[in-house]
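Here are my notes for you to read with the viewer open. Take them one point at a time and look up each residue as you go.

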Amino acid sequence: MEKRMAYLDRLKVFMTVLVVLHHTAITYGGAGSWYYIEQPSTDVATALLSTFTAVNQSFFMGLFFFISGYVTPSSYDRHGAVKFMKARLIRFGIPIILFMAVITPLLAYVSTGYEGSFASYLITRAMPNLLFSFAEFEVGPLWYLVALLLFFAAYAGYRLMRGEQTAKKTYNLTSGTIAGYLVAVAMANFLIRLIYPVGETVLSLQLAYFPAYVGLYIGGIAAYRGKWLDQLTQSAARKWRVVVCVLIISFPIVMLLGGAMEGDTSFEGGMNWQSAIYSITDPILGLGISYWLLVTFRKRWNGDPSPVSRWLSAQAFLVYMIHAFIVTYIAYWLRGISVDPLLKFILVGCLALPLCLLVASLFRKIPGR
C-alpha cells in the first residue's frame, strides 16, 4: 500500500465507526429511519442525536463515494472494463445477495413488530417467504454498494465510449470548481426533493442525497487524475473548520425555528424556505467537513500502518455489512432497560462496535470465504 493512501484507509475506518454510531443514534431519537426505534425519546436526546445524525449525513457517505471515485481510475487502468466490472460484481454483488437472503429476514423480526417468539417467526414468516426481500429489493445500508455498482458501470461505459485519452484528461482544482460543485448540488438537491423528499427511497436509494454522491464520486476520479489530494492546504482546512462550526451551531436553531421539533417535515423537501436552506447548507457542511478530515488525516495519520491499523482496515468492509443486524438486536434485547436515551445510545454503541469487529474478524478466518 502506498504511503499516501494510508490515511485514506484510516479515514474509512473512522467513517465506518460513524456509520455504526449513526444508526445507533437513530434508534434512540436521532433523525432518520432504522429497523428498530425506541419511543418515546426525550427532547434533549432527540435534539442532540438528530444534530449528530444530520452532521454525519452531510458528509460521511459522500466522502465514502469520493474515496471510491479516487481509487476507481487506477483499478480500471490495471484491469480493463471486463475484469474491472467482474471483480466488483463479485465483491459487492455477493454481499448484497447475502444481506437480502439472510440478514433482511432476521431484521424483519424486529422491524415488523412480530409478537411471537423468534423461532415462531422463522417457521411461520421467514422460511415460507424467503424471497420477499428480493421482491422488495430491501438491501438496508448496503444501498451504498448498489449505488457503487451503478457508478462503476457508468464509469466503465464512459471510458469505453470516450476513449482513453479523453477519459484520462486532467482538471485543475480551483475555487471555481468548488463553488460550481456547491451551486450545482444545492440546486439539484432542491429540485429533486420536490419529487423525492428526504426519507423516500427508490430501490433502497435516497435520491434526495444523490446530487452530492454523484458529484463527489466524479470529484474523486478527477482528484486522482489531477492529484487534488496533494493540493489541499492546511490554511484552507482551517477556514472550512470555522465554516463547519458556524453551521453546526446555527443549523439546529434554524431547524427549531422551522418547526422541525414540532414534526414539521418541510426541511425534507418542497417549495418552501426550509427545504431551500437545507438543500444549500447540506453540501457546504459536507464539503467543509470532508476537506478538513482529508487534510487532518493526511497530516496526522499517514505513516506506515501499525498491525492494529491494518487489522481495523481489514475488518471495515465486513463491519459495514453486518452492523445493521448487530446494532438492531443489541438494542432490541436491551429494550427493557429504562435509562436515559443518551446513556443507552452510549451503552449500545460501546457494545456494538467491538462485537461488529469481533464477528467480522471471525468471519474472515473462514476458509474459502
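In which helix does Arg238 lie? Arg238 lies in helix H9. Keep in mind throughout that this is a predicted model.

1. Let's stay with Arg238 for a moment. With a relative accessibility of 44%, Arg238 counts as partly exposed, because that class sits between the buried limit of 20% and the exposed limit of 50%. Arg238 also belongs to a positive surface patch, together with Arg241, Lys299 and Arg300. Two helices each bring at least two residues to this patch: H9, covering 234-257, and H10, covering 273-300.

2. Now for the rings. A pair of aromatic rings is described by how far apart the centres are and by the angle of the planes. Searching the whole structure turns up 33 aromatic pairs. One of them is Trp143 with Tyr213: the ring centres are 5.6 Å apart and the planes are at 25°, so this pair is stacked. Have a look at where the partners come from, too: Trp143 is in helix H5 (residues 143-162) and Tyr213 is in helix H8 (residues 210-226), so the pair links distant parts of the chain, 70 residues apart. Both Trp143 and Tyr213 are buried.

3. Phe151 is buried, at a relative accessible area of 12%, and Tyr217 counts as buried at 4%.

4. Next, check the backbone around Pro40. Which form does the peptide bond from Gln39 to Pro40 take, cis or trans? The bond is cis, with omega near 0°. You'll find Pro40 in the loop between helix H1 (3-27) and helix H2 (43-111).

5. Ser204 isn't a glycine, yet its phi is positive, at about 70°. Ser204 sits in the loop between helix H7 (175-195) and H8. With a relative accessible area of 16%, Ser204 is buried.

6. Lys227 is the other one. Its phi is near 55°, again a positive value in a residue other than glycine. Lys227 is in the loop between H8 and H9. Is Lys227 buried or exposed? Lys227 is exposed, with a relative accessible area of 55%.

Note on methods
Residues are numbered from 1 along each chain as its sequence is written. This is a predicted model: local features need pLDDT of at least 70, side-chain atom pairs count only at pLDDT 80 or more; totals for chains, interfaces and linings use all residues. Side-chain values use heavy atoms; hydrogens and water are left out. Patches are made of residues with over 30% relative accessible area and no salt bridge: like charges are joined within 9 Å, nonpolar side chains (Val, Leu, Ile, Met, Phe, Trp, Tyr) within 5 Å. Accessible areas come from the Shrake-Rupley method with a 1.4 Å probe; for residues, only the protein chains shown count as cover. A salt bridge is a side-chain nitrogen of Lys or Arg within 4 Å of a carboxyl oxygen of Asp or Glu. Lys and Arg count as positive and Asp and Glu as negative; His and the chain ends are not counted. The place of a charge is taken as NZ of Lys, CZ of Arg, CG of Asp or CD of Glu. Helices (H or I, at least four residues) and strands (E, at least two) are DSSP runs, numbered from the N terminus. Buried means under 20% relative accessible area, exposed over 50%, partly exposed in between (1.4 Å probe, protein chains only). Rings of Phe, Tyr and Trp (its six-membered ring) pair if their centres lie within 6.5 Å; planes under 30 degrees apart count as stacked, over 60 as edge-to-face and the rest as tilted.
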